[in-house]
Amino acid sequence: MAPGLMARGLDKMREFMASATGRKDEPSEKTIERIRRQLHECAEGRGGEVSTRQRAARLAETYLRLDDAGRHAFLRIIALEFGPDPQRIARAHEAYQAAVGTPQQWDAEAALRAAMRSARIRILTQFNAIPQGVKFLVDLRADLLRYLPDDPALQSLDRELQARLSAWFDVGFLELKRITWQSPAALLEKLVEYEAVHEIRSWTDLKNRLDSDRRCYGFFHPRMPLEPLIFVEVALVEELTDNVQQLLDEHAPVLDTTRASTAIFYSISNTQSGLRGVSFGNFLLKRVVDDLQRDFPKLKTFATLSPIPGLARWASTHPAEVTAAFTDADWKRLAAAGIDGPESPRLREVLAGQPGWQEDHALARALQAPLMRVAADYLLNARREGKPADPVARFHLGNGARIERLNWLADTSAKGLEQSWGVMVNYLYDPDRIEDNLEAFASAGRIDAAATVKRMARR
């Protein structure tokens, strides 16, 4: 089969599966046996390159035709029936132990490594032989990750697939590309689809984000040329930005970039759920900073305007931490604004992220100080498994950034109010401090933050 025909066939099959409603019944024994037979054919690897490509294409087509239960069964067969042979490993290990210190040690070591090599890898690697095979494997792992929480037996397959994808998607193989309004329409549609921080509402909105005072960069794999793996949206501005609605205003005048002194990273989106655990976001930011400094030598400040997606959720499970941030003076101001104490229904509505309260200017002013204290305390002190509880904070602090400033009502969209009562944060990337911050954070969990942010936190 010609490569182009094979690629179009896989595309059509994906479209069919996306629109069809699969049955939830367990696959029949006949289907299971057909899957098992095809997997064995791929594991045995008989024939030449053409045979390998044809087998992999048939197996991919079989997988794409399955409903969700069938795909789960498919992955269980690979995980449970195509792992290393424990008896062969035991014999090879015994031979290696006996050969230690002798001239045969290195041959025995090679034999032990060969015994531990899984047939799962031989099957998965063969998908590389078909057009879109790499994308197929990324999507396959996305399915695997959905099943994994309820089926721990899939963990071995996930570890092997993640390791293989980490090698294939090593940053050295990736290409940094600037995405512009002149980029292919298919790629621009992907930006709209994958934007995870601030929804792209229209083509006019997208064009605004790609204007002359904006930049958008993505990492691409050569086998997935129209699929950005991660992309970052940048605004060139004159000073640190504190409001995302103003930043995204389609009617705001375009800045003369010769006046820009600051680059604001206001949206970073990972696009492939199947690449979870494969990290390249930190490399993206470093490469983007280098690119921007080359094109705009006057840029001095590199910072983000970031959401705090876990704040309101954390507050809902730590009510004592929230109310402790309110002083007597705060309660007096809130009483004047119509909130008579911690149990006030109006306060519960605010903390739950219900919109509308921000239009009451007296109430918004009264809430600003205490809720900013809660946000600072959360970013500096809330932990999950020894790391910052907030996922965006973990990313930027883990890349050497500093918590520079908190911004009140910086995102008054429904999503912004629901996530963090509209509070956003600027993370500053100071080239002179990044390496020190990286080391301090990695070794001791120490967070670099501006003095004003530290003073807000209670602890």
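Modeller: Start with helix 8, residues 133-147. Lys-135 and Asp-139 are four residues apart in this helix, so about one helical turn separates them. This is a predicted model. In it, Lys-135 forms a salt bridge with Asp-139. Their closest N and O atoms are 3.0 Å apart. That counts as a salt bridge because the cut-off is 4 Å between a Lys or Arg side-chain nitrogen and an Asp or Glu carboxyl oxygen. A search of the whole structure finds 29 salt bridges.

Arg-88, Arg-91, Arg-117 and Arg-122 form a positive surface patch. One of them, Arg-91, sits in helix 5, residues 86-99.

Next, the strands. Strand 4 (residues 262-270) pairs with strand 5 (residues 301-304). The pairing is parallel and has four bridges. Ala-263 has Phe-302 in strand 5 as its bridge partner. From strand 4, the chain passes through helix 13 (residues 281-295) to reach strand 5. This β-α-β crossover is right-handed.

Terms used. Residues numbered from 1 in each chain as written. Predicted model: local features only at pLDDT ≥ 70, side-chain atom pairs only at ≥ 80, totals over all residues. Heavy atoms only, no water. Patch = residues over 30% accessible without salt bridge, like charges linked within 9 Å, V, L, I, M, F, W, Y side chains within 5 Å. Areas by Shrake-Rupley, 256 points an atom, 1.4 Å probe, with all protein chains shown as cover. Lys, Arg positive; Asp, Glu negative; His and termini not counted. Charge placed at Lys NZ, Arg CZ, Asp CG, Glu CD. Helix = DSSP H or I, 4+ residues; strand = E, 2+ residues; numbered from the N terminus. Pairing = 2+ DSSP bridges. Right-handed = clockwise from strand over helix to strand, strands pointing away.
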